[in-house]
Structure formats: structure tokens, C-alpha cells
Amino acid sequence: MGKRNNIKRLKILKKFIKPGTVGLEIGVFAADLTVSIFENIEGVKIYALDPWEVQKEYKGRLYGGGYDMNDIYETVKTKLKDRNVEIIRDYSDNVQNHIVEKLDWAYIDGNHSYKYVLNDLENTKLLLKEDGIIMCDDYGWVDKYSGGGVTKAVTEFCKKNKLKNTIIGNQAIIFLK
Ligand SMILES: C[S@@+](CC[C@H](N)C(=O)[O-])C[C@H]1O[C@@H](n2cnc3c(N)ncnc32)[C@H](O)[C@@H]1O
């Protein structure tokens with residue numbers, strides 16, 4: 001994501017991520033967003049989860065083979081040293097095995113294909129406090145693998161669970177209460 005878009009996104013997220021809260025980021029890549037959250041919102045703790053693994057079946061995506069994910073992982077560890085962070089190198093399917101405390105918010109930005117986003121939504125709902133907030137990046141985005149992607153998953157999830165949501169730019173914000 002370009003610098004300008006990142007600033008725009010942070011401005012949106014700052015409305016929903018409050019100082020001193022605990023959250024989860026699914027899909028971290030080079031931790032650009034993670035670092036901006038730490039630098040702009042005081043006292044947060046972040047669980048930062050990503051497999052940092054090439055997934056050859058998604059050629060063309062960021063994790064489809066264009067980057068050395070081990071290198072990226074090493075950079076992330078350095079960038080986040082001294083931050084209040086738990087770095088989790090795993091796929092989001094397993095997120096529940098890593099987190100025991102209840103979270104205030106989750107930011108979903110991993111595999112954007114419909115079934116993965118839906119699974120991330122269902123799993124993170126269980127990890128959040130009753131009044132938690134789930135945010136998803138790239139609402140409206142599609143590629144040849146996405147099968148309806150974030151948009152279809154958010155729409156279905158909110159309908160099934162009768163949850164309110166708002167779309168700001170390409171960010172979907174879902175309120176559990
Ligand atoms: C768009 S990048 C994340 C960018 C980051 N949130 C930011 O804003 O700077 C997507 C990341 O999702 C990760 N990812 C892909 N499949 C995943 C999965 N099943 N579970 C968790 N993360 C996944 C990739 O390794 C990649 O680093």
C-alpha cells in the first residue's frame with residue numbers, strides 16, 4: 001500500500017482503535033500498519049499474526065512468490081522489537097490456539113478470498129469482547145481467486161449474525177454490539 005493510502009487508512013482506523021486497547025492483526029506482511037498503529041495510538045498491545053510463507057497457488061498476490069518471506073519475517077521482528085506485541089507465525093485458521101485474553105478489536109488483512117475472510121470473521125468474533133470491533137481491509141477488492149472476497153464475506157457474516165457495519169473507503173467496520 002502507498003504511503004498516502006496508508007495515512008488515509010490510519011485516519012479511519014484511529015476512530016475505532018482506542019488508546020490502551022488490545023487487538024489482533026491478521027496478515028501483517030512487513031508490519032507497516034502495525035508500526036503506524038504503535039506510533040499513532042498510545043498504549044496498544046497487538047497480536048500480529050502471519051505465516052510469512054510463500055503460497056504458490058496465489059501467484060500475483062503479495063505472498064504468491066515475489067518476496068522472500070523469511071527475510072520479511074526477520075525484518076518484522078526487528079521493526080517490532082521493544083513494542084508491546086506478540087508475533088505469531090501461523091495461519092489464521094489456528095488463531096484461537098495462540099490467544100487467551102479477550103480482545104477489543106481485530107483487523108483482518110490476510111488471505112482476501114471469500115472463504116478465508118469468512119473464517120477469519122467467525123474466529124475473531126469468538127476472541128473479542130462483547131462490544132468489540134472487527135475491521136476488514138480491502139472491501140470491494142477482487143482478483144481471480146477471491147470468489148466474492150471481503151465484500152461477500154462481510155455481507156454474509158453481518159446478515160447471519162445481525163450485526164451493524166459501516167463501510168468507509170475500502171475499510172469495513174463491524175460492531176459486535
Ligand atoms: C496485504 S498483506 C498484509 C498487509 C498489512 N496488514 C499492512 O497493512 O501493512 C497480506 C498478508 O496476509 C498474509 N496471509 C496470507 N494468507 C494468510 C492466512 N491464511 N492467515 C494469515 N495471514 C495470511 C500474507 O502472508 C501477507 O503477509
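Here is a friendly conversation about a predicted model and how some of its features get their labels.

Biologist: What makes Trp-52 count as buried or exposed?
Modeller: The cut-off for buried is 20 or more other C-beta atoms within 10 Å. Trp-52 has 22 such neighbours, so it is called buried. You will find Trp-52 in the loop between β2 and α3 (69-79). Its phi is positive, about 40 degrees, although Trp-52 is not a glycine.

Biologist: Why is Lys-162 called exposed?
Modeller: Lys-162 has 6, so it is exposed. Lys-162 sits in the loop between α5 and β6 (164-168). Lys-162 also has a positive phi, about 50 degrees, without being a glycine.

Biologist: And why is Asn-94 called exposed?
Modeller: The limit is 12 or fewer, and Asn-94 has 12 other C-beta atoms within 10 Å, so it counts as exposed. Look for Asn-94 in the loop between β3 (85-88) and β4. Asp-82 is 12 residues away from Asn-94 along the chain, and their C-alpha atoms are separated by 25 Å.

Biologist: What makes Leu-176 partly exposed?
Modeller: That label covers counts between the exposed limit of 12 and the buried limit of 20. Leu-176 has 16 C-beta neighbours inside 10 Å, so it is partly exposed. Leu-176 lies in the segment after β7 (171-175). Beyond its neighbours within four places in sequence, its contacts include Lys-125, Leu-128 and Leu-163.

Biologist: How do you know that the span of helix α4 agrees with its number of residues?
Modeller: At 1.5 Å a residue, the 14 residues of α4 (114-127) should span 20 Å, and the end C-alpha atoms are 20 Å apart, so the two agree.

Biologist: Which residues of α4 are buried?
Modeller: They are Tyr-114, Tyr-116, Val-117, Asp-120, Leu-121, Thr-124 and Leu-127. These residues cover an arc of only 160 degrees around the axis, so they are on the same side of α4. Their cover includes β1, β4 (103-108), β5 (128-136) and α5 (149-161).

Biologist: What about α2: which of its residues are buried?
Modeller: Leu-33, Thr-34, Ile-37 and Phe-38 are buried in α2. Seen down the helix axis, they fall within an arc of 135 degrees, so they line one face of α2. These buried residues pack against β1 and β2 (45-49).

Biologist: Which residues of the largest nonpolar core touch the most other members?
Modeller: Ala-106, Ile-134, Met-135 and Cys-136 do, in a core of 42 residues. Setting aside neighbours within four places in sequence, Ala-106 is in contact with Gly-23, Leu-24, Ile-26, Thr-124, Leu-127, Leu-128 and Ile-134. As background, nonpolar side chains tend to be buried together in soluble globular proteins.

Biologist: Which residues come nearest to the ligand?
Modeller: Of the 20 residues around the ligand, those are Gly-27, Phe-29, Leu-33, Ser-92 and Gly-110. By class, the shell has 12 nonpolar, four polar and four charged residues.

Biologist: Which elements each supply at least two residues of that shell?
Modeller: β1 (22-26) and α2 (32-40) do.

Notes: Residues numbered from 1 in each chain as written. Predicted model: local features only at pLDDT ≥ 70, side-chain atom pairs only at ≥ 80, totals over all residues. Near = placed C-beta within 6 Å. Helix = DSSP H or I, 4+ residues; strand = E, 2+ residues; numbered from the N terminus. Nonpolar A, V, L, I, M, F, W, Y, C, P; charged D, E, K, R; others polar. Core = buried A, V, L, I, M, F, W, Y, C linked by C-beta atoms within 7 Å. Contact = placed C-beta atoms within 7 Å. Expected span 1.5 Å × (residues − 1). Arc of directions from axis to C-beta.
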